[in-house]
Amino acid sequence: MNESLHLWLIPLLPFAGFLINGILGRRLPKSLVTTVALLAPLGSFGVVLNAAMASGAALPHIEAFRHSWINAGALHIDYSFVLDQLSLVMLLVVTGVGFLIHIYSAGYMAHDEGYARYFSYLNLFLFFMTVLVLAGNALLMFVGWEGVGLASYLLIGFWFQKPSAANAGMKAFVVNRIGDFGFLIGMFLLLGTFGTLSFNVIAAELAVKPAWTGGLLTAIALCLLIGATGKSAQLPLYVWLPDAMEGPTPVSALIHAATMVTAGVYMIARTHFLFDRSPFALLIVATVGAVTAIFAATIALVQTDIKRVLAYSTVSQLGYMFLGCGVAAYSAGIFHLMTHAFFKALLFLGAGSVIHGLGGEQDLRKMGGLRHHMPITFWTMTVAVFTIAGFPPLAAFFSKDAILYAAFLQGTSGKIFWFIGLVTALLTSFYMFRLWYLTFLGERRAGGLEDHGAPVHARSDTKLVLESEHPVHESPWSMLGPLVILAVLSIGGGWIGIERFASYLAPSAGPLSVEAGSASLEWTLAGLAVVAALLGWFIAHRMYSARPETPERLAASMSGSYKLLLHKYWIDELYGAVIVKPILATSRFVLEWIVDVAILGGAAWLLGGIATLGGAILQRWQSGNLRSYAAWLTAGAAVVLLYVLWAYSPASLSAFFNHGAGH
Amino acid sequence: MIPISWYLLLSAALFCLGVVGFLIKRNLITVFMSIELMLNGVNLSFVAFAHEWHLVKGQIFVFFVMVVAAAEAAVGLAIIIAVFRARSTLAVDRIDLMKL
């Protein structure tokens, strides 16, 4: 295609927004800050839409810049943006949902002192996220990958005055570093194997060698998987995501639910040609996904902080996407990524609206009965809850079933994965309806229910906790508008159907093979999933609506497992004891005392000592006494003179004088 | 015709007198005069050689030395006055700090 789609504008507009609001934001009037902040993602979204309309069948569209980035011997890396079906879908989600969340933020953060700073970070995030999505080679993707990590760090620690927020930001950054390390090693292996990092070139090279499987490709795929588990909060690197809820709620919605955390899934889909060649790596991906899905879902059962429930739910849903990728149904994984972006953003924004309306309260046990006070939030949240639970004809029903169906067709291990996914669907339905009942139905329990040994995460999310007796109110329309739009998308987002979606994505994400299945099998599995969702709803209804005293009795009778879940399997404590403490101890004893104090300190002390000693000796010549200088000068001149005399042999000198005397 | 070695011996004697005076005298003005003595000892050997070999270069060099010596005398005497005003002494072994 000759015409340019101006892909470079997509990341550049948010970057311009970042620069304007980041540098001038404090001095500009608030309305101007809002305008700039909202126009940037809107412009990007417009460019993406334009590209979507214009490109038609001409994908992939590659835009490479004239100047290459790195030229070193045989290594050539350029700035190239690739627009194919995969990145187009992802871009629509990122800029579209991103724009909605920008609007929401304008209402949610209206009273915050750091208004301009917040929007500059948010725009910065969009810049890096679009770079990540558009990148045509692994290194450029890595730039975006690290950049969204940076933006995530800045926004988690947005209220840096709170130590817990600052620590959560650092935790996210450090845990992500571990994953990034895997990504880097994977890139080095790619460079060593293919001599290039360009996705297209690698895919083309693999295409002409169909017999090449396993071995090195498995190693590369597993390294990339480590990177993906870090960014997408999968086992064993998921621990940062629940803590990331310290950030403002719109940030949790945009970065830690809808877009950034799905970057790992996107990366696997983008490099699917590598994973396709390694059945072992795919099995690991599917296992990680399935185990994470059920693991996080069980933790979500007992959490009492509304945002933490949603955070574990996100981890669990990301597990589904990994499961989808792991059974080579990449388009199903991306399909779920898309619907998840809609309903999880909606859930978070709805939760933000609840928190906003309650003046900063996040504890589920202190909510209840909010449906009368916040009708629009209630109805949109209801849509989201029914969607995530998997009821037809809502979006997640289609995407989740596509993954489970694809898993079921993958032999024995696939049947196990399918079963785990089905149980997870039951658990998901249960904890989401639990949240729904506790928040919106029943009677208001503000300050009610006493603490039964649970850690209370009653942090103030916004700066709105000025008066604790804040009257419950519905949120402004800048917040409700995005909720309504996302609710519509959550309802209809799945109607395109997995077949059409998969055939659209097939050129860039590989075909979805369902030859082994049949329509009747698909319907049976879908029916089972709906039964699981209904069962979860039924249990939640029994426990939290019909007989509200059941949960406490149950917690008391199964205190062991209840505590295990409440403390999140003590994973944080385990990591603390097994990894953090030894590293700290090593740093203190080996690095601080031996390396720093003994070796480096000793070397510095030795050098300083030599200099001091030299100075002590040499300073004797610098007495300041003019006559001693003169004496040295004379002595030196005498030495030079004697040397000259000796060098020009005494005979010639005496001959000269004799000659002179002879006159 | 006086042989050149006589001029040179006189030049060396003047130079050595200057060196000795430079080394042993305490008064800054005397030290300064010793420097002039050394310069003129050298000048003498320049003109002696110039005369011996009928070359004008040596004579020209002497003019340069005299110009430099004059400039040096002007600057040096000004410094000596400044030092005396600050310290009330011109004994070189008591002027041993570069700050006031």
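Me: So helices here are DSSP runs of H or I, at least four residues long, numbered from the N terminus. Where does A:Pro393 sit, then?

Reply: This is a predicted model, and in it A:Pro393 is in the loop between two helices of chain A, α16 (375–389) and α17 (395–408).

Me: What kind of peptide bond runs from A:Pro392 to A:Pro393, cis or trans?

Reply: That bond is cis, with omega near 0 degrees. Another cis peptide bond joins A:Leu235 and A:Pro236, where omega is about 0 degrees. A:Pro236 belongs to the loop between α8 (216–231) and α9 (240–243) of chain A.

Me: Is A:Ala233 buried or exposed?

Reply: A:Ala233 counts as buried, because 30 C-beta neighbours lie inside 10 Å, and 20 or more is what a residue needs to be called buried.

Me: What about A:Lys568, what is its phi?

Reply: A:Lys568 also has a positive phi of about 55 degrees, and it is not a glycine. You'll find A:Lys568 in the loop between α23 (559–566) and α24 (571–618) of chain A. With 22 C-beta neighbours inside 10 Å, A:Lys568 is counted as buried.

Me: Let's zoom out. How many helices and strands does chain A have?

Reply: Chain A has 26 helices and two strands. Of its 663 residues, 49% count as buried.

Me: And its overall dimensions, what are they?

Reply: The C-alpha trace of chain A spans about 135 × 65 × 50 Å along its principal axes. Its radius of gyration is 33 Å, whereas a compact globule of 663 residues would have one near 26 Å.

Me: How far apart in sequence are the residues that touch in chain A?

Reply: Take the contacts between residues at least 6 apart in sequence: 82% of them join residues at least 24 apart.

Me: Which helix in chain A is largely enclosed by the rest of the structure?

Reply: Look at α11, residues 263–270. Eight of its eight residues are buried, so the helix is largely enclosed by the rest of the structure. Among them are A:Tyr266, A:Met267 and A:Arg270.

Me: I also clicked on A:Thr95. Which helix is it in?

Reply: A:Thr95 lies in α3 (residues 85–108) of chain A. A:Thr95 is buried, with 29 other C-beta atoms within 10 Å.

Me: What does A:Thr95 touch, leaving aside its neighbours within four places in sequence?

Reply: Its contacts there are A:Pro41, A:Ser44, A:Phe45 and A:Val48.

Me: How does α3(A) pack with α15(A)?

Reply: α15 covers residues 330–357, and the two helices pack at an angle of about 5 degrees with their axes 10 Å apart. That angle makes α3(A) roughly parallel to α15(A).

Me: Which residues meet there?

Reply: From α3(A), the set includes A:Leu86, A:Val93 and A:Tyr108, and from α15(A) it includes A:Ile334, A:Ala345 and A:His356. By class, the residues of this contact are twelve nonpolar, two polar and no charged.

Me: New topic: chain B. What is its secondary structure?

Reply: Chain B has three helices and zero strands. Its C-alpha trace spans about 55 × 25 × 15 Å. Of the 100 residues of chain B, 13% count as buried.

Me: How many residues of each chain take part in the contact between A and B?

Reply: Twelve residues come from chain A and twelve from chain B. On the chain A side, α25 (626–647) and α26 (650–662) each supply at least two residues. α25(A) gives the most, with five residues. The side of chain A that touches chain B has five nonpolar, six polar and one charged residues.

Me: Last one: where does the pLDDT of chain A stay under 50?

Reply: Residues 448–469 stay under 50. Chain A as a whole averages a pLDDT of 85, and 92% of its residues score at least 70.

Terms used: Residues are numbered from 1 along each chain as its sequence is written. Chains are lettered from A and ligands numbered from 1 in the order in which they are written. This is a predicted model: local features need pLDDT of at least 70, side-chain atom pairs count only at pLDDT 80 or more; totals for chains, interfaces and linings use all residues. A residue is buried if 20 or more other C-beta atoms lie within 10 Å of its own, exposed if 12 or fewer, and partly exposed in between; C-beta atoms are placed from the backbone. Two residues are in contact if their C-beta atoms, placed from the backbone, lie within 7 Å. The radius of gyration is taken over C-alpha atoms; the globule rule is 2.2 Å times the number of residues to the power 0.38. Axes are lines fitted to C-alpha atoms, for helices over the stretch in contact, and angles run from 0 to 180 degrees between N-to-C directions. Angles under 35 degrees count as roughly parallel, over 145 as roughly antiparallel, 65 to 115 as roughly perpendicular and the rest as oblique. Ala, Val, Leu, Ile, Met, Phe, Trp, Tyr, Cys and Pro count as nonpolar, Asp, Glu, Lys and Arg as charged, and the others, Gly among them, as polar. pLDDT is the predictor's confidence in each residue, from 0 to 100.
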